[in-house]
Amino acid sequence: MSQFTDFALLPSLQATLREKSYVKPTEIQERAIPALLEGRSIVGVAETGSGKTLSYALPVLHLLRSLENSGDKVTENGRPRAAVLVPTRELGEQVTKVFKPFTHTTRVRVRSVLGGTTMEIAKRGVAGPFELLVATPGRLLQLIEQKLVTLNDVRFLVLDEADQMLDQGFLTDAIRLATFCPRNRQMALFSATVSAKVQELMNQLFEDAEVIRSKGSQRTVQTLQTQNRKVTDGKRAPLLEKVLSEPVSGGTLVFTNTREQCDKLFAEMKAKGCKCAIYRGEMDKNERRRNLRDFREGVLEYLISTDLGGRGLDVEHVSRVINYHLPKGMDNYLHRVGRTARAGRHGVVINFVTERDQDLIDRLDSVAPPAKKR
Ligand code: AMP
């Protein structure tokens, strides 16, 4: 199977796929969509950039629209038939954006209740009847406790970026939310890595699920070019200046390992007149959102981040990732570089390599397709 037209998806979904010029499913889509359309539950090991959102969005919308078409309509307030749980507000917005063009044509009503917004906004968000809910676990539990939402008609529950969700302590919330759904609901879990906590969740909720590992999930993609530049401590700034003078179209994500490094680098780049901002943990949420928006819209050329920014963010025009400080582990490395060369586009990752990083660089050989390495 190699085209979306091979899937038994409703004509309204096929039409939007054509309109968006999505012809070939990605690897995870090719395997997850048929399984989900057959009503099976799955665990997909795939990260942002692999096309994982559409791999569940299309089957979910197919199911919701089919129920409507058969005359079984949603009429009650706050009683969705499908729910997508996400770890952060940013991811929730990203997921909603992927759903959007498809919900227009299928006329499925999507609402989102995401942490980081006021309770008033959340309440307004779930007023009235709708079919699909995108939510962060904490906020959703509050709405359920206040009887503004019920999950007792949910036929399809998705846990997206489960590893990140569990990092944030949402394990018990996620399990509680799953138990609020009917027993025979279909489930899908997506995670970039299978950590011990993800495994625990899988053991509890996904006993019968089919595990689909995208072959690319532990590898970098073919369209990514890797450049390793040797550097010694104290000499990173002049190397960065040289790298930044090399022409590039699109935004650059610069990674550091700690908040302090992130702030220091920001001050240095700002002083040199770079259009840059920071995106890291423990900063004002509104400022972080604003910085991300400005970067997305191209107002900023550089976003300086820690591993918080390496996870999950879908910023289309990132053409270059600079590891100003390389991470210790391969997981974080793959998350970071996964921000560029997305969905078939070209991208470059530039690693600032000290002697201490050599071990990681040696291991990169096992994840980078040899032909594209430099
Ligand atoms: P995701 O991994 O779900 O975050 O998707 C990454 C990006 O790839 C999104 O902007 C999607 O709209 C896009 N995308 C997903 N599937 C395909 C496909 N089969 N062909 C082209 N682009 C896609």
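I began at the ligand, where one of its oxygen atoms is 2.5 Å from an N or O atom in the side chain of T53. I count such a pair as a polar contact when the N or O atoms are within 3.5 Å; within protein, one atom must be able to donate a hydrogen and the other to accept it, and residues adjacent in sequence count only if both atoms are side-chain atoms. I noted that the protein covers 88% of the 490 Å² of accessible area that the ligand has on its own. Accessible areas here come from the Shrake-Rupley method with a 1.4 Å probe, and for residues only the protein chains shown count as cover.

Before going on, I wrote down that this is a predicted model, in which local features need pLDDT of at least 70 and side-chain atom pairs count only at pLDDT 80 or more, while totals for chains, interfaces and linings use all residues. Residues are numbered from 1 along each chain as its sequence is written, and side-chain values use heavy atoms, with hydrogens and water left out.

**Entry: the ligand shell**

An oxygen atom of the ligand is 2.7 Å from a polar backbone atom of G51. For K52, the distance from a polar backbone atom to a ligand oxygen is 3.3 Å.

How many residues surround the ligand? I found 17, the closest being Y22, Q29, G49, G51 and T53. A residue is listed as near if one of its heavy atoms lies within 4 Å of the molecule. By type, the shell divides into five nonpolar, seven polar and five charged residues. In this sorting, Ala, Val, Leu, Ile, Met, Phe, Trp, Tyr, Cys and Pro are nonpolar, Asp, Glu, Lys and Arg are charged, and the others, Gly among them, are polar.

Which helix gives the most to the shell? I found helix α3 (residues 52-69), with three residues. Helices (H or I, at least four residues) and strands (E, at least two) are DSSP runs, numbered from the N terminus.

I then checked the domains. The ligand lies between domain 1 (4-213) and domain 2 (224-372), because both give residues to its shell. The domain bounds come from an automatic or database domain assignment.

I returned to T53, which lies in helix α3. T53 counts as buried, at 13% relative accessibility. I use buried for under 20% relative accessible area, exposed for over 50%, and partly exposed for what is in between (1.4 Å probe, protein chains only). From T53 to Q29 I read 24 residues in sequence and 8.9 Å in space, C-alpha to C-alpha.

**Entry: cysteines**

I searched the whole structure for disulfides (pairs of cysteine sulfur atoms within 2.5 Å) and found zero. C274 is in no disulfide, and the nearest cysteine sulfur, that of C276, is 5.5 Å away. C274 counts as buried at 16% relative accessibility, and C276 is buried with a relative accessible area of 4%.

**Entry: positive phi**

I noted as background that most residues other than glycine have a negative phi. E161 has a phi near 50°, a positive value. I placed E161 in the loop between β5 (156-159) and α7 (162-167). E282 also is not a glycine and has a positive phi, of about 45°. I placed E282 in the loop between β10 (276-279) and α12 (285-296). Are these residues buried or exposed? E161 is buried, with a relative accessible area of 4%, whereas E282 is exposed, at 65%.

I looked up L303 in strand β11 (residues 302-305). L303 is buried, with a relative accessible area of 1%. L303 and T117 are 186 residues apart in sequence, and their C-alpha atoms are 23 Å apart.

Q199 lies in helix α9 (residues 196-205) and counts as partly exposed at 33% relative accessibility. Between Q199 and T105 I read 94 residues in sequence and 37 Å in space, C-alpha to C-alpha.

E355 is exposed, with a relative accessible area of 77%.
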